[in-house]
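Here are some notes to read alongside the structure. Please keep the viewer open and find each residue as you go.

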Amino acid sequence: MSAQSTTSNRIVIVGGGISGLSIATQLAEAGLPVTLLEASRLGFGATTRNQGWLHSGAWFAPTQIELARKCSESFQKTMTFCPECVEPNSGTMVYLTADVGTDPSRWTKAWEAAEISYQKLAYEGLAKQFPNLSIPRTAHAYQLPDRAIRTDVLLHRLVVASQQAGAEIRTDTPVARLIQHDDRILGVETIRGEQIFARLVILAGNAKGGALVPGFHTHTAGRQTDVEFVVLKAHLLALRPELCQRPFCIVDADGFSHIPHRPNSILGLNRWLPVGNGDDTQVVPAEVERIWEQVERFFPSVRREEHQALSWAGSTVQAMSIDDVEPGRTPLPTVVDHSQEAPALQNLLSVFSGRASLWAHLAMQTFQTVSEKLELTTPQTNMPPWCSSRKEDYGEPYMAAKPQNSILYHCQKCGNVVCRESDSIQPVCCDTHMEEACECSAETQYSDLETLTAIDN
Ligand SMILES: Cc1cc2nc3c(=O)[nH]c(=O)nc-3n(C[C@H](O)[C@H](O)[C@H](O)COP(=O)(O)OP(=O)(O)OC[C@H]3O[C@@H](n4cnc5c(N)ncnc54)[C@H](O)[C@@H]3O)c2cc1C
């Protein structure tokens, strides 16, 4: 192979899910030439098969404080970068306990340690917020910042940002193999035989991407990390009409969670089954039945025959600390430099978000690794767009995603985003704080109202 034909400044990213697109945006914003190759259409994998739970970190805090902090940072960045991805009017999440003996202090202490704001909710108010939910009198309830989001809207926003920054995005372009010379990765070859050379290849193919480096996902990683990679499958159940508008999770009932995506309720459990490969998205009826059991336990009025139900499964790779490998509990955003793995491969990274919620963290983590590897000396001139709240950073996708005649507001008390009809500009607040005696006026409560109104124009 001649040196000339294999020389390229390009960084090739394989995979157009939330990991690949957030990294493409970050690298392109830093002025690097980026080509992203997606086998199918953007968001074809776990990114749009997921539940749309934007984690604040609260769920992970009792077991993984560092992970909770990373989640919290990414959460803030999501809210800045793409407030329109928040499901309108669904409110913040309520964490509930169901069993008499559950001690909630394990959770509250962890939230305090992770600096995640929470608020204890009175039992009396719960019935109003969750009219159909059977809440035992012993239940403890807390409001956390977690939100229901539409990952397709977030993805669209990333596509626009990365393209504006100069990234080339190609769909329907499966990568068949890596081009390798000795221990150096020189680029990729697509299924149609096209060779694309690169100075660095980043595999962001999630459960399927590992096939390009045989055996990689299933072995314990090498010298650099203390993590193990596992392909995990989870099940979800969609019920229509929706059961309630508020997201909630019941921490001591298998992590039974409810995320409203109007007009559906998406329900799931914190159950992640280790599977052999990323193609395994077959629904296991017994797993769906487990979700139904919790639906019937907590929504006793639900009659199965009265709901349109749809169930599906998705798989994702998780990198888990080998000290704490309980599946699903400890997903880590992970960047693997294959030059430090066995067999050592130069110019190749693999990335795993762990959770879609961690996308911003993964992108920044990857950028750091890329900077070190490529010894980038030019200072990064542009900030990634999710660090900005300038109105010009909001564009077309905002207009496309936002319901007609509505405006987004940030509640200054808790940072929540609510969507209101545009002709009802009055002292509104987020669903929770609306119920409190409102001390401040609309103007002081919504300092960024002007910015958001300007976006509308
Ligand atoms: C059922 C389920 C529920 C979940 N719920 C949540 C949730 O509520 N909140 C949350 O934060 N996280 C959730 N997750 C986790 C989250 O969805 C994943 O961590 C995240 O979407 C992974 O994004 P990704 O871009 O790495 O992978 P993916 O979205 O899977 O994208 C990988 C892409 O790479 C492409 N690709 C693969 N191989 C090739 C190749 N050879 N050539 C070209 N392209 C290739 C695929 O087509 C795919 O589009 C859930 C996951 C599952 C499975």
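1. Of the 457 residues of the protein, 47% count as buried. Please keep in mind that this is a predicted model. The chain forms 13 helices and 22 strands. Take the contacts between residues at least 6 apart in sequence: 72% of them join residues at least 24 apart.

2. The largest nonpolar core has 110 residues, and I13, L27, V201 and I202 are the ones that touch the most other members. Strand β13 (residues 227-240) gives the most to this core, with nine residues. As background, nonpolar side chains tend to be buried together in soluble globular proteins.

3. Which residues is L27 in contact with, leaving aside its neighbours within four places in sequence? They are I11, L32, V34, F367 and V370. F367 and V370 also turn up in the next point, among the residues that α9 brings to its contact with α1.

4. Helix α1 (residues 18-29) packs against helix α9 (residues 359-374) at an angle of about 55°, and their axes are 8 Å apart. That angle makes α1 oblique to α9. The crossing of these two helices is right-handed. From α1, the contact uses I18, S19, S22, I23, T25, Q26 and L27, while α9 supplies W359, A360, L362, A363, M364, T366, F367 and V370. Sorted by class, the residues of the contact of α1 with α9 are 10 nonpolar, five polar and no charged.

5. Helix α1 has another partner to look at, α6: their axes come within 9 Å and cross at roughly 30°. Are α1 and α6 roughly parallel or roughly antiparallel? They are roughly parallel, because angles under 35 degrees count that way. The crossing of α1 and α6 is left-handed. On the α1 side the contact is made by I18, L21, S22, A24, T25 and A28, and on the α6 side by T151, L155, L158, V159, A161 and S162. The contact of α1 with α6 has eight nonpolar, four polar and no charged residues.

6. Stay with helix α6 (residues 151-164) for a moment, and find V153 in it. V153 counts as buried because it has 20 C-beta neighbours inside 10 Å. Now find C85, which is 68 residues from V153 along the chain; the C-alpha atoms of the two are separated by 5.3 Å.

7. Now for some backbone details. Most residues other than glycine have a negative phi, and most peptide bonds are trans. P263 lies in the loop between β15 (256-261) and β16 (264-268).

8. Please check two phi values as well. E115 has a positive phi, near 55°, and is found in the loop between α4 (105-113) and β5 (119-120). E115 is exposed, because 11 other C-beta atoms lie within 10 Å. D254 also has a positive phi, near 60°, and its place is in the loop between β14 and β15. With 15 C-beta neighbours inside 10 Å, D254 counts as partly exposed.

Definitions and conventions:
Residues numbered from 1 in each chain as written. Predicted model: local features only at pLDDT ≥ 70, side-chain atom pairs only at ≥ 80, totals over all residues. Axes fitted to C-alpha atoms, helices over the stretch in contact; angles between N-to-C directions. Helix = DSSP H or I, 4+ residues; strand = E, 2+ residues; numbered from the N terminus. Parallel < 35°, antiparallel > 145°, perpendicular 65-115°, else oblique. Left-handed = near helix turned anticlockwise from the far one by under 90°. Contact = placed C-beta atoms within 7 Å. Nonpolar A, V, L, I, M, F, W, Y, C, P; charged D, E, K, R; others polar. Core = buried A, V, L, I, M, F, W, Y, C linked by C-beta atoms within 7 Å. Buried ≥ 20, exposed ≤ 12 C-beta atoms within 10 Å, placed from the backbone.
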